[in-house]
Amino acid sequence: NKYLAKIKRAILSGRQEISPPKQFANGAGMKMTLLTGKEHSFYLSEDLVSCHQFGAFLRESTMGAGGAPLRETDDPMVGLTWDLARQFCRWLSVRENVTYRLPTTAEAALIGNHYPTAIWTNSTWDGPDATARNVRERFGITMKVIWDPHGKFAAEPVVGELPFASYDQLAFAVVTSRKTGRIDRWNRLRAEK
């Protein structure tokens with residue numbers, strides 16, 4: 001037992017020493033790129049989630065039953081609510097066996113204007129104006145942050161929006177932790193043996 005525990009510790013230690021790759025492609029065919037800032041290090045989907053990728057989610061979930069046919073293209077999937085974007089992330093997380101999610105506002109700031117359109121974030125909007133506070137208090141609705149560096153919705157890059165809103169100028173990207181790249185590299189090395 002002690003011998004096996006020692007081997008396990010050595011393997012886990014070796015896995016921690018494997019540096020994460022700059023890029024990798026997950027099982028869903030999404031190219032993930034490592035972004036590193038002062039406080040954040042994470043993988044970002046190189047492209048916005050496509051109609052094709054979202055279609056795979058619909059086909060494999062109960063949501064796809066009876067819905068309108070989806071264009072199976074590599075164009076960005078636009079016009080989705082925050083909740084649908086999050087459901088896609090949960091499905092992808094289960095499929096890939098690692099956590100995928102929408103970026104936070106701080107991560108979106110590191111992303112900058114990488115994408116041509118606004119994207120949903122996982123952050124809650126605590127807008128400074130009285131209107132936002134009134135909406136939250138009257139309706140009990142938590143507003144979400146849209147990262148909008150191109151000014152499609154407002155002059156500032158951080159915009160608050162209702163989670164059930166959908167716009168043709170609004171898409172989404174996914175992020176995963178730095179650890180995911182390390183796991184991917186470790187699994188590839190193990191497969192080569």
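Predicted model: local features only at pLDDT ≥ 70, side-chain atom pairs only at ≥ 80, totals over all residues.
In what sense do strand β6 and β7 pair, and over how many bridges? Antiparallel, over four bridges. Strand β6 covers residues 144-147.

Every number you hear is computed from it.

Let me widen the view from that pair of strands. Four strands make up an open sheet, and the order is β7-β6-β5-β8. The pairing in this sheet is mixed. At the edges sit β7, residues 158-161, and β8, residues 170-171. Each of these two pairs on one side only.

Now the loop between β7 and β8. Q169 is found there. Is Q169 buried, exposed or partly exposed? Its relative accessible area is 38%, so Q169 counts as partly exposed. Leaving out residues up to four places away in sequence, Q169 touches T117, A118, K152 and F153. Take K152 from that list. Q169 and K152 are 17 residues apart along the chain, yet their C-alpha atoms are separated by 7.2 Å.

Back to α3, since α3 has a helix partner too. Two packed helices are described by the angle between their axes and the distance between the axes. For α2, residues 51-60, and α3, the axes come within 10 Å. They cross at roughly 75°. An angle from 65 to 115 degrees counts as roughly perpendicular, so that is the label for α2 and α3.

Which residues meet there? From α2, we have Q53, F54, A56, F57 and E60. From α3, the residues are L84, Q87, F88, W91 and R95. By type, this contact divides into six nonpolar, two polar and two charged residues.

N97 lies in the loop between α3 and β4. Its phi is near 65°. That is a positive value, in a residue other than glycine. Most residues other than glycine have a negative phi. Why is N97 called exposed? Because its relative accessible area is 69%, and the cut-off for exposed is over 50%.

Strand β2 is residues 31-36, and strand β3 is residues 41-45. Five bridges join them, and they run antiparallel. For a specific pair, go to M32: its bridge partner in β3 is S45.

Last stop, E107. E107 is found in helix α4, residues 105-111. Is this glutamate buried or exposed? At 5% relative accessibility, E107 is buried, because the cut-off for buried is under 20%. What does the E107 side chain reach? It reaches the backbone nitrogen of T104, at 2.9 Å. Setting aside neighbours within four places in sequence, E107 is in contact with H40, F42, R101 and V175.

That is the tour. Questions, please.

How values were computed: Residues numbered from 1 in each chain as written. Heavy atoms only, no water. Pairing = 2+ DSSP bridges. Buried < 20%, exposed > 50% of the residue type's maximum accessible area, 1.4 Å probe, protein only. Polar contact = N/O pair within 3.5 Å; in protein donor to acceptor, adjacent residues only side chain to side chain. Contact = heavy atoms within 4.5 Å. Axes fitted to C-alpha atoms, helices over the stretch in contact; angles between N-to-C directions. Parallel < 35°, antiparallel > 145°, perpendicular 65-115°, else oblique. Nonpolar A, V, L, I, M, F, W, Y, C, P; charged D, E, K, R; others polar.
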